[in-house]
Amino acid sequence: FMKKILSNVMDSEAHEKRPPILTSSKQDISPHITNDGEMKHYLCGCCAAFNNVAITYPIQKVLFRQQLYGIQTRDAILQLRRDGFRNLYRGILPPLMQKTTTLSLMFGLYEDLSCLLHKHVSAPEFATRGVAAVLAGTTEAIFTPLERVQTLLQDHKHHDKFTNTCQAFKALKCYGIGEYYRGLVPILFRNGLSNVLFFGLRGPIKEHLPTATTPSAHFVNDFISGGLLGAMLGFLIFPINVVKTRMQSQIGGEFQSFPKVFQKIWLERDRKLINLFRGAHLNYHRSLISWGIINATYGFLLKVI
């Protein structure tokens, strides 16, 4: 009888010593690994955006002049030449702040929301990823004021009103918070549509490219897939950006609806679709380079960090 009692006591002590130690150690380590992985997507998106803006900003400025005034590429370049090299990178701070922030959210939130929806929603993966892409794009729109100020600083008609980002923000303050969010509707529509197509088609396009066996080949494939997709989306949403630019170039006055501004531009450009896409060829090449840089840099940093 005593032997049986001693045997039970020894077994219970052994049982108490083993499992709790192993279980607690695994639970402590796994959350740290998950958090590092989550933050990586935000950091890589931010660095990819910085790299892109620094390289492609002069091209974006030529494109902006064409969208706003409907002029030829040559005339837009001549405008920038008259403005001088000193003003070439004028207005770069808002897009630098906006792009690094929004692309960080775009990649980071997309990954986080995709995982969250996949765990808690019983729906096909393509549906949860599509919803995650739209939600990420909607969140990006919080930073519309940066895009708004960038538009004003790039428009030579406002050069005499303010010379830097702070002055532009102060100039809008007296009109109320709504003035910072002019053009919000086209931005929401643009972000949602482009995010769904970008994240949905990025993988399939890369799969159809030659198989990459080296890091440099992966970098090239990421550049090609991102560039082709970005160029296609840039062309598709070009009219939306034309309307958005016109809406955001105005300071004060009536808040006109998207259809009303579109109709006004349509009449100004002789009701010709080709005139509405004036500057689209340059936007195609800019998007090809920009999204190639973004996608390749993001993919590279994701492996390195």
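Modeller: Let's begin with the cysteines. The sulfur of Cys47 has its closest cysteine sulfur in Cys46, 5.4 Å away.

Colleague: What makes that too far for a bond?

Modeller: A disulfide is a pair of cysteine sulfur atoms within 2.5 Å, and at 5.4 Å the sulfurs of Cys47 and Cys46 are too far apart for that. A search of the whole structure finds 0 disulfides. Bear in mind that this is a predicted model, where local features need pLDDT of at least 70 and side-chain atom pairs count only at pLDDT 80 or more, while totals for chains, interfaces and linings use all residues. Residues are numbered from 1 along each chain as its sequence is written, and side-chain values use heavy atoms, leaving out hydrogens and water.

Colleague: Why is Cys47 called partly exposed?

Modeller: Buried means under 20% relative accessible area, exposed means over 50%, and partly exposed lies in between (1.4 Å probe, protein chains only). Cys47 has 33%, so it is partly exposed. Cys174, with 65%, counts as exposed.

Colleague: And Ile71, is that buried or exposed?

Modeller: Ile71 is at 18% relative accessibility, so it counts as buried. You'll find Ile71 in the loop between α2 (19-69) and α3 (73-83); helices here are DSSP runs (H or I, at least four residues), numbered from the N terminus.

Colleague: Which residues does Ile71 touch?

Modeller: Leaving aside neighbours within four places in sequence, Ile71 is in contact (heavy atoms within 4.5 Å) with Arg65, Gln66, Ala76, Gln79 and Arg278. Ile71 and Arg278 are 207 residues apart in sequence, yet their C-alpha atoms are 7.5 Å apart in space.

Colleague: Now the helices. Why are α6 and α11 called roughly perpendicular?

Modeller: Angles run from 0 to 180 degrees between N-to-C directions, with axes fitted to C-alpha atoms over the stretch in contact. Under 35 degrees counts as roughly parallel, over 145 as roughly antiparallel, 65 to 115 as roughly perpendicular, and the rest as oblique. Helix α6 (residues 144-154) and helix α11 (residues 238-248) pack at about 75 degrees, axes 9 Å apart, and are therefore roughly perpendicular. Among the residues making this contact are Glu147 and Arg148 of α6 and Lys244 of α11.

Colleague: What makes α9 and α11 roughly antiparallel, then?

Modeller: The axes of α9 (residues 184-207) and α11 cross at roughly 150 degrees and come within 9 Å, so the pair is roughly antiparallel. Their contact includes Pro186 and Phe189 of α9 and Ile240 and Met247 of α11.

Note on methods. Helices (H or I, at least four residues) and strands (E, at least two) are DSSP runs, numbered from the N terminus.
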